[in-house]
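The following note sets out points on the structure for a student who is reading it for the first time. Please keep the sequence and the model at hand while going through them.

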Amino acid sequence: MPARSALRRFAAGFGRLPLKAKIGIAILSLFILVAIIGPAIAPYDPFANTTQATPGAPNGQHLLGTSATGGDILSQMLVGTRPTVILGLVTGLVATALSVVVGTAAGYLGGYADEILSLFSNVILVLPALPLLVVILGYLPHTGEVATAIVLSALGWPWGARVIRAQTLSMRNRDFVLAAREVGERPLRIILFELLPNQIGLIAASFVGTVLYAILTSVALAFIGVTNLNSWNYGVILYWAQNGSAVELGAWWWYVFPGLAVALLGMSLVLINFGLDELSNPRLRSSRVMNRIGRRSWRPADPTPVIREGMEAAL
Amino acid sequence: MSTPDALPSATATPVLEISGLDIAYRSEAGEVRAVRGVDLDLHPGKIVGLAGESGCGKSTLAYGAVRLLRPPAIVTGGSVVYRGRRLSAGHPDGFDVLAAGDAELRRLRWREIAIVFQSAMNALNPVLRISEQLLDGIRAHLEISDEQARDRARELIEMVGIKPERLNAYPHELSGGMRQRVMIAMALAVEPEVVIMDEPTTGLDVVVQKEILRETMALKDQLGFAVLFITHDLSLLLEIADRVVVMYAGQVVESAPTSAVRHGGIHPYTRGLLGSFPRLRGPRVQLTGIPGTPPDLRGELPGCPFHARCAFAQDACLQIDMRVQAVNGAEPGQLSACPFVAPGQPLPEGAVTSGSKLTVPAEGDAQPSGELVLSGQGLRKDYRGGRRGEVVSAVKGVDLELHRGRVVALVGESGSGKSTIAKLLSGQERLTGGEILLDGKQIDPSTRSHFRAYKKDVQMVFQDPFASLNPLHTVRYHLQRALKLHGARTGRGHAVADVERLLEQVSLTPTTKFRDAYPHELSGGQRQRVSIARALAAEPRVLLADEPVSMLDVSIRLEILDLISELRSRYQLAILYITHDIASARYFADEILVMHHGEIVERGPAEQLVQNPTHPYTQLLIASSPDPDTFAVQEDAPEPGHQVDGVGKEGPGR
Amino acid sequence: MRFIARRLAFYVAAVWAAVTVNFLIPRVMPGNAVDAILGKFQNLTPAVVKALEIQFGVGHKGSLVSQYFQYWNNVLHFNLGISTSQYPTHVSTIIGQTLPWTLALVGVATVLSFAIGTLLGVLAAWRRGGWLDRALPALTLLQATPYFFLALLVIYLFAIKLQWLPYGQGYALGLSPGLNWAFIHSAIQHSILPALTIIATSIGGWMLQMRNVMLTTISEDYILVAQAKGLSTRRVMFTYGARNAILPNIAGFALSLGFVVAGALVMEIVFSYPGVGLTLYNAVTSNDYPLLQGIFLVISLTVLTASLLADIAYAFADPRARSRSAF
């Protein structure tokens, strides 16, 4: 397909997305941009130390204030965006790929393969992830982003796999899949060309959800110190804030700005998923139709409205 | 309760009076006016049958009249007045349903107007016991003691022929027929004066359908309620209704006493519908069906909405006012919306019929038998299922032979094993026993090594045209893949020309219009044609058609059957037609096999088998099938209501 | 009761997995952190050394299989080793002291959050476009906020700025735990802020889930039937609607418990609440591997038990699950 028409289709697809998804994508893009150029525009060295003993409030020189040792919070955040975002996206990609493979395999193959794969993913699902991560990462000698991403991916796929399996299972015996087999298509082609394209929405939602999980979990891990403290990410900043008793000292800028950044990043992902949900399930769409009928809210037990010509105001 | 008088009482006050009702669905894309100025009266003890195809507005009308529709549906005009005896004191002019508030409507609902919902739908709450669902309806309307309510529930459930112990069951523990009986018991729980029945037997097997209808009729005679019976199956109405109302595109096109409709109806649409049902009696004639598709209900429809599909259409059709009225030569009480066509007026010369010419072999079944292509001997299929893993035999030793140029129909109810045969013969499932022979050579189509070669000869058409095409691929993609996979072996190129050729074969012309369409842009009939074209891509010798028309509207079923029949003649295809509808089998097949509980109980030339069935099951099946010509005058109904243990009894819900 | 039998089998597998993972982790991880610990503590009794060897697989006493069985034997006797940071206290003793705090706080808060969230979800779905429905997106955004960040804000605002409620520790200093009013009062006061934070962050999720399922349920035919029967709105909404919509939610509750609890554990750290979460943190910072593993095992078993209870509740709520032959 020519690149331009692909681009136009992409643009048209974006245009059709619900507003929530558009806002979410815009915020996420901003974070990705910062992840790319952040280290280049950081005004200070994030590791810079001064001999000051108290955190400094935001001022003209340090827009977001400084830590107890004089580190510039803004610079720490600009530098720390990249690892946070990359970790989220990479984990999301790997875990989603795993969940697609396991989910479609279990759903399409059925039988014992399904039993075993489902059992396996459900067991991982019910085990409390964070303590397990802490234990595993606690043993690793050089805890860093790579190790965190690997372990997060290894533990983060079952939810998506479950959803995709259920969908595959319901589609596997749909007539169009049987018909493709009837025509003589091979299983791999059926999976790739008949089943998966019908699950794009689900896979996208699963990806976004996994990225959110990865970011929140990695930040939480860093916050409790299970990370490489020699690099920067939002969790590390918060770890130092907690260690430096930022709350007790009233140094709100130390934890509020990085915390808000995480919240904003998470929010963008939640918004994207809201949008994807609405797209795939029209029932969830906010009832714009109701405004047309002249009501804001509606309960299922209400009788059918009667609106005769010229009576619109009567409601 | 008054006993209904024998004569149609057009003068008596109706118990429910709908006049000029307008209902619309408001959406972003515009307003769909689903019901347009409909008048309808219900009288005590009478059944009004409301017929029409999907999307004609019949259900919208019924639910809208009791204000059960949810937004975006709104009532935009007309009136609905209820005049039940119980309410006559408080409402001397009748109860204005459209003006009633929430609380008032709650008193009207069930107590006065009850609804029997479609059986295929899950109308029972899956987490409540049957008894609780019966009781809450009773308690909501009657001030009676717990004891009395329970007695009433027991009485009701016995009335519809279910043992009182089953009151403790959950819905999923009952069969489809039983669930429908429970629904009827629920509807009659507080003795309503009007009962709306929305496709109450659709999805049930004919034998069960017959039983339930018979019981319902008996209850109606006993209790004297008025019935609005909604169905797409006009032939069913001819058996049970007192008056038939036919709807098309949201409007009533004909309203007539049932006897008048039985004699043919006046409105061209009614006549088209009547002509869409294959008969069980009389000569096997070419039927017409109705060509074309219903109009878009957005916006105005000037004049008669049917004119685009009408054989009698003329310019004046676009000017008429759609009001049913008496027509010259009609029977008393017979009203038609078409002022131009008189009763019995023959079709004009050169009228558009459903495309193909007479393709069904006219008389007898003396079709010269072509060579034997595919046969099954002692076919068996066991499933390991059931609660304790016991083996269930779906097919217990079936022999069948498919010859070129012949149609064999496999007729049976759901669960008879007929679809399993299709799966075995198409290689989707593995045989437990017996063998499949292609050209006299044994083959196991379910094995990977044989499957592809086998598909070259044996192709399948699926039941649901809405599910059998991938919504993400175009028509061209579907056909090209099939061509590529099979054509590679025969060395044919020119895929584009081949796609055109396939589309022409199934009369999807002009091909440019359909080539690049996505499935959702096509109607059900068009999709089924694409499905057939895809099967033809392999140039097979055998076509397995598993209920190819049961999901389609009645008026287009014949088109598809005729198409398959035409292809059979043109390419000398051997066809296995699997259906629950013995009348369509008679219409279309050379030989009929009747299947029951995994076995063929009777087989023979189509006409001979239908006219002189020998096996009791075949006789029951034929007697239960609704047929416009044989309405239920033969009221052989024994004691109504206690027939659950008949042959039509189903197993427990799956 | 095939459903419950199958679920039980599943939980047996999950427990086996939890214990086995715990057994394997120290053996497959690169480097030998435990040797370092053993080096640090020279004056260990032989019994303690043996216990550590079984737990961490150092010293190569016996085959992997026999170590595995010994390990199981220890687990079944609640012998989870000896803490190295609080030497020589048994890990099981430490967990025994901290687990009740967590169960009380996290358990109660999670159940409350689920119950309130579900109820609000029903109401939001019932009145489409009402204020609750419109407020929902804002509430779910709280989910995207890291638990501990919200906890920091709550502490700053309510405990430090406004000084409405205490924070840090489970009860005021100087009180002795026991069944006396002063202690209980103090304990409740100390739990309010963390509990509210847990509820605030998780309620939106339950609410959204319930609302979405409820919206699907509302369009089911049996709801229409209930309405056509002229039943009261309340009965239609709860007995017919919510009663069905809650089923997938209970199943979801069983599965996502592990995830929810993890967040609550981090909350304990921020509030210095004396539960297993804080102990986990202390174990991490002091490289106390026996304690770390013991906590993981106990948390896993607790979560699995809670999930099992939710599953049993599901079986009782859904008659189809009880008689379903397979699922």
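1. In chain A, two helices meet through a set of residues that can be listed one by one. From α10(A), the residues A:S218, A:V219, A:A220, A:L221, A:A222 and A:F223 take part, and they meet A:Y234, A:G235, A:V236, A:L238, A:Y239 and A:Q242 of α11(A). By class, this contact of α10(A) with α11(A) holds nine nonpolar residues, three polar residues and no charged residues. As the model is a predicted one, this pairing should be read as a feature of a prediction.

2. Helix α10 of chain A covers residues 200-223 and helix α11 of chain A covers residues 234-243; their axes come within 7 Å and cross at roughly 30°. What is the handedness of the crossing in which α10(A) passes α11(A)? The crossing is right-handed.

3. Chain A also takes part in a contact with chain C, to which chain C contributes 59 residues and chain A contributes 47 residues. On the side of chain C that touches chain A, the elements that each supply at least two residues are α1 (2-28), α6 (131-144), α7 (147-161), α8 (181-218), α9 (221-228), α10 (233-271), α11 (276-285) and α12 (289-317) of chain C. Which of these gives the largest share of that side? The answer is α10(C), with 10 residues. The side of chain C that touches chain A is made up of 41 nonpolar, 16 polar and two charged residues.

4. The make-up of chain C itself deserves a separate point. Chain C contains 13 helices and zero strands. Of the 327 residues in chain C, 47% are buried. When contacts in chain C are taken between residues at least 6 apart in sequence, 72% of them join residues at least 24 apart.

5. Just after α4(C), the residue C:F78 takes a positive phi of about 55°.

6. The loop that joins α4 and α5 (91-126) of chain C holds the residue C:G81. Is C:G81 buried or exposed? C:G81 is buried, because 21 other C-beta atoms lie within 10 Å, and the cut-off for a buried residue is 20 or more. In sequence C:G81 and C:L255 are 174 residues apart, while in space their C-alpha atoms are 30 Å apart.

7. Chain C also touches chain B: 22 residues of chain B are in contact with 18 residues of chain C. On the side of chain B that touches chain C, the elements giving two or more residues are α2 (102-108) and α3 (130-141) of chain B. The most comes from α3(B), which gives four residues. By class, that side of chain B divides into 11 nonpolar, five polar and six charged residues.

8. In chain B there are 19 helices and 22 strands. Buried residues account for 52% of its 654 residues. Among contacts in chain B between residues at least 6 apart in sequence, those that join residues at least 24 apart make up 71%.

9. Helix α6 of chain B, residues 206-223, has 18 residues and reaches 25 Å from its first C-alpha to its last, which is close to the 26 Å expected at 1.5 Å a residue. Of these 18 residues of α6(B), 13 are buried, so the helix is largely enclosed by the rest of the structure.

10. Chain B is divided into domain 1 (367-457 + 540-612) and domain 2 (472-539). The centres of these two domains of chain B, taken over C-alpha atoms, are separated by 24 Å. In their contact, 13 residues of domain 1 of chain B meet 11 residues of domain 2 of chain B. On the side of domain 1 that touches domain 2, α11 (448-457) and α16 (554-571) of chain B give two or more residues, and the largest share, five residues, comes from α16(B). That side of domain 1 has nine nonpolar, no polar and four charged residues.

Technical notes: Residues numbered from 1 in each chain as written. Chains lettered and ligands numbered in written order. Predicted model: local features only at pLDDT ≥ 70, side-chain atom pairs only at ≥ 80, totals over all residues. Contact = placed C-beta atoms within 7 Å. Nonpolar A, V, L, I, M, F, W, Y, C, P; charged D, E, K, R; others polar. Buried ≥ 20, exposed ≤ 12 C-beta atoms within 10 Å, placed from the backbone. Expected span 1.5 Å × (residues − 1). Domains from an automatic or database assignment. Axes fitted to C-alpha atoms, helices over the stretch in contact; angles between N-to-C directions. Left-handed = near helix turned anticlockwise from the far one by under 90°.
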